[in-house]
Amino acid sequence: MRRTIEARLARWAQTDDALPLVLLGARQVGKTYSARQLGADRFAKTAYVNFQTDLARLTRVFDGVLDPWRIVEDLGLLLGVPITPGDTLVVLDEVQLCQPALTALKYFAEQAPGLRVVATGSLFGVTVHREPRFSFPVGKVEIATMHPMTFEEYCWATGRDTWPDAIRACLAEDRPFVAHDEALAQLRRYLMVGGMPAAVERLVTSGDWDQVRQVQGDIAHLYAADASLYLDDATAARVRAIWDSAPRQLARQNRKFKLADMAKGARAEQYEAAFAWLENAGLVHRHRLVEQPPSAPLRPVPDGTFFKTYLADVGLLSQALGVRPQVYLDDDARRVISSVFHGALAQNLVKQSLEAAGVASGYWTSGNTAEVDFLVVDDQMRVLPLEVKSADNVRSKSLGVYAQRHHPPYAVRCSTKQFGREPHLRSVPLYATFCLDDILRST
């Protein structure tokens, strides 16, 4: 599967003085695949080790003095692959499970700059720094983060290679996309399958939605099980409670996450560690209410209790909500699904797309009278309101209220309508959310 991160990995591989690369991201987003593909495409040999499947033997390699040349010699002996600078890519998979190996990256940077090392890791924010003798090699590594597949990558995986560039061009020129209806149909499929590579692969190879849902369910259970491996029983139970409650709380008119709706008498301080674990693991995105008046950089309200909780992958959300793809993809049958469910999927899509693009966002309210789903900041440090509509009904009182109070240069509306521009408003189809950051870079 083609991924957007491949271009960055290729640039890193061609840089003479490149630091070791740490590839972060939630489990099952494709880090291992991309690292090994880099080795196949750009290097003569790949020395691949996995700390999750061979922890005991690999830990012995990193015992004692962390001399990079001794380490690669031992790894070469274990693998039967001579590791030589320039033509060998060393891949340390799930490196967070061996803290000495993580610390050793510092010495690879300082003493073996000719070696190319990629370390992949999930759950970094919850597994490292447990042993004070070892630490994260700050300043000695380059960091890249992988996310679930965007709609752009889904297009590549399903044979629509020309769509993403064409969609970007239509966004830049505010002109209609000729395959608009077909793109909306594919977007609905993407909302069901999401961006977990295993689920996309199963859809492409089998076309069986029951199998896709089985893959998604297995991934969701894996995520919940991880909490029990790394956390005490009480915190792990709270993680699972949040993970189970977040989809239900999104699928209602007021999407603000309410602790009391999850557990009677729940207090914010009790659940903060669990929320932090889920965020650090890359499984959820907390979407916070911003201070007023909105200004750049966006600042959440101080008490920290006003937020929505989106899942990192919209396909996992649709699976958790029990939305049947066979119904959702049928134009007539889809009408039985509540508009609240449609709105939850559309908003999660936008949040997921912004996170993948590295765009910070929050939301705005005016008491009980108006709410703007997203606020973002462009490259001129201007705050822009972004409204999300899951259908053709695009009337928005909230945008008008926000514009009267804060006078943004323009607003962005994501819906099922075509690209277009009106005075102080840009219309962006939901299938183009993967390139929303293009707007923020335009002047």
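## Close-up views of pockets and aromatic rings

View 1. The structure shown here is a predicted model. Lining this pocket are 40 residues, and those nearest its centre are His 147, His 285, Lys 351, Glu 355 and Val 359. At least two lining residues come from each of helix H6 (124–127), helix H14 (268–280), strand S6 (284–288), H17 and helix H19 (436–441). Strand S6 supplies the largest share, five residues. By type, the lining of the second largest pocket consists of 18 nonpolar, twelve polar and ten charged residues.

**View 2. The largest pocket holds about 820 Å³ of space.** Its lining has 30 residues, with Gln 253, Arg 255, Gln 347, Glu 371 and Asp 373 closest to the centre. Two or more lining residues are given by each of helix H17 (339–356), strand S8 (362–366), strand S9 (370–377), strand S10 (383–388) and helix H18 (397–406). Helix H17 gives the most, six residues. The lining of the largest pocket divides into 13 polar, nine charged and eight nonpolar residues.

**View 3. Tyr 310 and Phe 374 form a stacked ring pair.** The structure holds 13 aromatic pairs. In this one, the ring centres of Tyr 310 and Phe 374 are 6.3 Å apart; the pair counts as stacked because the planes meet at 20°, and planes under 30 degrees apart count as stacked. Tyr 310 belongs to strand S7 (residues 307–311) and Phe 374 to strand S9, so the pair links distant parts of the chain, 64 residues apart. Tyr 310 is buried, at 0% relative accessibility, and Phe 374 is buried at 0% as well.

**View 4. Trp 364 and Tyr 402 form an edge-to-face ring pair.** The ring centres of Trp 364 and Tyr 402 lie 5.0 Å apart, and their planes stand at 85°. Planes over 60 degrees apart count as edge-to-face. Trp 364 is in strand S8 and Tyr 402 in helix H18; this pair links distant parts of the chain, 38 residues apart. Trp 364 has 0% relative accessibility and counts as buried. Tyr 402, at 2%, also counts as buried.

**View 5. Trp 163, Phe 177, Phe 419 and Tyr 431 form a cluster linked by ring pairs.** The charged end of Arg 160 sits over the ring of Trp 163, 5.7 Å from the ring centre.

**View 6. The charged end of Arg 2 sits over the ring of Trp 156.** The distance from this charged end to the centre of the Trp 156 ring is 3.8 Å.

Definitions and conventions: Residues are numbered from 1 along each chain as its sequence is written. This is a predicted model: local features need pLDDT of at least 70, side-chain atom pairs count only at pLDDT 80 or more; totals for chains, interfaces and linings use all residues. Side-chain values use heavy atoms; hydrogens and water are left out. On a 1 Å grid over the protein atoms alone, a cavity is a set of points where a 1.4 Å probe fits but cannot get out, and a pocket is an open set with protein on both sides within 12 Å along at least five of seven lines; lining residues have an atom within 4 Å of a point. Grid points are joined across faces, edges and corners, and a volume is the space filled by probe spheres set on the points. Helices (H or I, at least four residues) and strands (E, at least two) are DSSP runs, numbered from the N terminus. Ala, Val, Leu, Ile, Met, Phe, Trp, Tyr, Cys and Pro count as nonpolar, Asp, Glu, Lys and Arg as charged, and the others, Gly among them, as polar. Rings of Phe, Tyr and Trp (its six-membered ring) pair if their centres lie within 6.5 Å; planes under 30 degrees apart count as stacked, over 60 as edge-to-face and the rest as tilted. Buried means under 20% relative accessible area, exposed over 50%, partly exposed in between (1.4 Å probe, protein chains only). A charge sits over a ring if NZ of Lys or CZ of Arg is within 6 Å of the ring centre and within 35 degrees of the ring normal.
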